[in-house]
Amino acid sequence: MRQALEGSQAIAQTVALCRPQVIAAYPITPQTHIVENIAKLVADDKFECDFVSVESEFSAASVVLGAAAAGSRTYTASASQGILLMSEVLYNIAGLRIPVVMTCANRALSAPLSIWNDQQDSMAVRDAGWIQLYCADNQEAVDTTIQAYRIAERTELPVMVCMDGFTLTHTLEPIDIPEQAQVDEFLPPYTFSRALDSRNPITVGTLVSPDYYPEARHAHHQALLNAQDEIIRAHEDWSAISGRSCCGLLRTEGDADAKIGILTLGSVFGTLYEARAAHPELGPVRLIKLRAFRPFPVAAIQEACAGLTDLVVLERALSPGGGGIVGNEMRAALAELPDAPRVHSYAVGLGGRDVPLDIYARALAAVDAPTPERFAVLDAELEKLPAADR
Amino acid sequence: MSPEHPVYLEDKLEEIRDSGRLHYRSKSLPTWCPGCGYYSMTEGVTWALNEIGVRNEDVVVVSGIGCASRFPFFMETYGFHTLHGRTLPVATGVKLANDKLTVVVVGGDGDGFAIGGGHIPHVARRNVDITYLLFDNGIYGLTKGQVSPTSAIGFTTSTSPFENHDQPLNPLMMLLSYGASWVGQAYAGQPEHLAKMIRAAIEHRGFSYLHILSPCVTFDKTDRTYRNLDFSVRNLPEGHDHTDRLAAIHEATKVDQPAVGLYYVEKRPTLSDTLDEIVVRAGGKPAQQAGAG
Ligand SMILES: Cc1ncc(C[n+]2csc(CCOP(=O)(O)OP(=O)(O)O)c2C)c(N)n1
Ligand code: SF4
Ligand SMILES: [Mg+2]
């Protein structure tokens, strides 16, 4: 049913429809409304689940790890420092191949302390071995959350659904919340193949010698690459049930014969989409929204960028000393193409800096530079800095 | 306040100005809600520092994250806003680097007993010479009112809409059994007593833990209110022997009628003393003489 809902409220209702049996979380802005709404749904008997308000994110991730290993469908959510505090457990969950679903309400990292949005938190755990899906709007976050359970349970990999803090979590949008029957059809009751079972005792998390560690990591990498098919299939199957379609691994929008492309993740896509419609005079542009960042869908990216001479990557993150995280990966992915587009890599909207419509024109202007910028913070006002830091 | 002795605002302001304690207050005005118990803390700490006469630049206020942890902004001393729950190890580092500094740690119940709970026993047993002022409002104030590990059973919050069912911690009992060398309790609604307790805690050589009961007037309208605390808070019984740890623990069990005062104090070598002793035994010079700073 279509309703005006805050992003967090919509996610809480969606999580309830997925019937998790154990939820554990610790509050942190801007994730808090999701957890508070879930607590209320449980208290109002809108769905049955063991909800624990634990003492830290470290515990939250550990509780869902234990519950999922014992065979439950689980959920947790966090952001920023909470993701960092969870990180040791996030690696553990993924390495043990335990299907957990969580929301990351993307927020900047300390220091400097900031409660506002960017995507440095989920990017910081990009190598934890989780599937990471980035959502452009709240409807997509709802649909992605449902698909995340299917993907996690079929691949035995954890899935992190990333949605921009405040920009999405605290924004009211008209959102279609699916019917319980639709979700039940898509997500039948689940049995974890390796659930702890006293009749067949196993030990989880044992030491692995050098004889097997590299193979275990290889298998994990391969499992993530293979998960691309499941991400595409989950999107198709859910589209058939819900009548809505966002995208599988990525989405391209606009001119197929454009020479210039702009790629982004998350809600900045909506800004670019609007700007492109408002500025036809800026010429044909292809917009690419990367939904799956892990696994990194190289083949799909190469296809989406075919024919481009220039690709501008706008991301709400950076690797200090390295540059653009997605930008650098795009360069590597495209380098194999015979006519590889030049990649212009930029961070935008760090620490909650507004990303206005004119970012579109600024990104396109960057293409005209004689040599592509290796990396820059596009919207940094350098005059605020001492000369040595510019 | 008896009608024969009215207190005029002007007189009070003059008294505060003359006291010299504003010297320790920064130009930033506190951003806490009107009526928050935390205002008593800034008053108490500035009063205590002024009484002790320590120089601004010799004081470091270390905080975590939370409403309580905004405290350093309002102080004209060194301030360190660390991560949520990580105050005590950072303060330990500061003290080890420069033993001459007066290190005051402030934080909320969530910061100290939820996310940071693992650090407390170790600072207590090592007897790090710092003062920990724990502002306990029984709720996560900054994130707008969720259940905390010191919330009472039955307390309703946004993450316990079905009422809290988890047994609250007893911080005083924990600190007493962890081996803290100074343990006391005060109440934000008794600012003068609070200030004196803060002074005594700072003056103690070793790890001092002051538990401060403080209402969150915005997100707790039912439980830890001034009205309820005014009614339940009492003094430690006359004759309480604050050198008797078991007697202190016994008093700490009486949670329905929390008692303010000094529960326990003992003299014991601090972490710096112990480390110096190792150096001396090995034939070196203790840190202070070696000029660490
Ligand atoms: C790792 C991490 N998790 C969660 C948060 C969000 N957070 C900030 S303050 C706080 C709780 C504050 O409660 P308390 O420590 O009792 O302080 P109060 O605001 O009540 O003074 C939380 C959960 C955070 N900043 N960092
Ligand atoms: S929310 Fe509560 S604890 Fe925070 S400043 Fe307001 S009254 Fe004080
Ligand atoms: Mg608190």
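Start by selecting Asp45(A), in the loop between α2 and β3 (50-53) of chain A. Asp45(A) is exposed, because 8 other C-beta atoms lie within 10 Å. The cut-offs are these: a residue is buried with 20 or more other C-beta atoms within 10 Å of its own, exposed with 12 or fewer and partly exposed in between, with C-beta atoms placed from the backbone. Helices (H or I, at least four residues) and strands (E, at least two) are DSSP runs, numbered from the N terminus.

A word on what is loaded: this is a predicted model, in which local features need pLDDT of at least 70 and side-chain atom pairs count only at pLDDT 80 or more, while totals for chains, interfaces and linings use all residues. Residues are numbered from 1 along each chain as its sequence is written, and chains are lettered from A and ligands numbered from 1 in the order in which they are written.

**Backbone stops in chain A**

Stay on Asp45(A) and check its backbone: phi is near 60 degrees, a positive value in a residue other than glycine. Most residues other than glycine have a negative phi, and most peptide bonds are trans. Then go to Glu156(A), in the loop between α6 (138-155) and β7 (159-164) of chain A. Phi is positive for Glu156(A) too, near 55 degrees. Glu156(A) counts as partly exposed, because it has 15 C-beta neighbours inside 10 Å.

Now pick out two prolines. Pro30(A) sits in the loop between β2 (22-25) and α2 (32-43) of chain A, and a cis peptide bond joins it to Thr29(A), with omega about 0 degrees. Pro112(A) is in the loop between β5 (101-106) and α5 (120-124) of chain A; a cis peptide bond, again with omega about 0 degrees, links Ala111(A) and Pro112(A).

**Across to chain B**

Show both chains. Here 17 residues of chain B are in contact with 15 residues of chain A (contact means C-beta atoms, placed from the backbone, within 7 Å). On the chain B side, α4 (109-115) and β6 (146-147) each supply at least two residues. That side divides into eight nonpolar, eight polar and one charged. For these classes, Ala, Val, Leu, Ile, Met, Phe, Trp, Tyr, Cys and Pro count as nonpolar, Asp, Glu, Lys and Arg as charged, and the others, Gly among them, as polar.

**The two ligands**

Next, select ligand 1. Which chains surround it? Residues from chains A and B do, so the site is shared between chains. The shell has 24 residues, the closest being Gly66(B), His84(B), Gly108(B), Gly110(B) and Gly141(B) (a residue is near a molecule if its C-beta atom, placed from the backbone, lies within 6 Å of it). α4 (80-95) of chain A, with α4 and β5 (139-140) of chain B, each supply at least two residues of this shell. By class, the shell has 11 nonpolar, 10 polar and three charged residues.

Move on to ligand 2, where the surrounding residues include Trp32(B), Cys33(B), Cys36(B), Cys67(B) and Cys216(B). Around ligand 2 are eight nonpolar, three polar and no charged residues.

**Helix pairs in chain B**

Colour α2 (residues 38-52) and α7 (residues 191-203) of chain B. Their axes come within 8 Å and cross at roughly 50 degrees. Axes are lines fitted to C-alpha atoms, for helices over the stretch in contact, and angles run from 0 to 180 degrees between N-to-C directions. Angles under 35 degrees count as roughly parallel, over 145 as roughly antiparallel, 65 to 115 as roughly perpendicular and the rest as oblique. The contact includes Trp47(B) and Ala48(B) of α2(B) and Leu194(B) and Ile198(B) of α7(B). Its residues comprise nine nonpolar, two polar and four charged.

For another pair, show α6(B) and α9 (residues 245-252) of chain B, whose axes come within 8 Å and cross at roughly 165 degrees. That makes α6(B) roughly antiparallel to α9(B). Leu172(B), Met173(B), Leu176(B) and Ser177(B) in α6(B) meet Arg245(B), Ala248(B), Ile249(B) and Ala252(B) in α9(B). This contact divides into six nonpolar, one polar and one charged.

**Last stop**

Finish at Gly154(B), in the loop between β6 and α6 (171-178) of chain B. Is Gly154(B) buried or exposed? With 11 C-beta neighbours inside 10 Å, Gly154(B) counts as exposed. Beyond its neighbours within four places in sequence, Gly154(B) is in contact with Glu163(B) and Asn164(B).

Conventions:
Contact = placed C-beta atoms within 7 Å.
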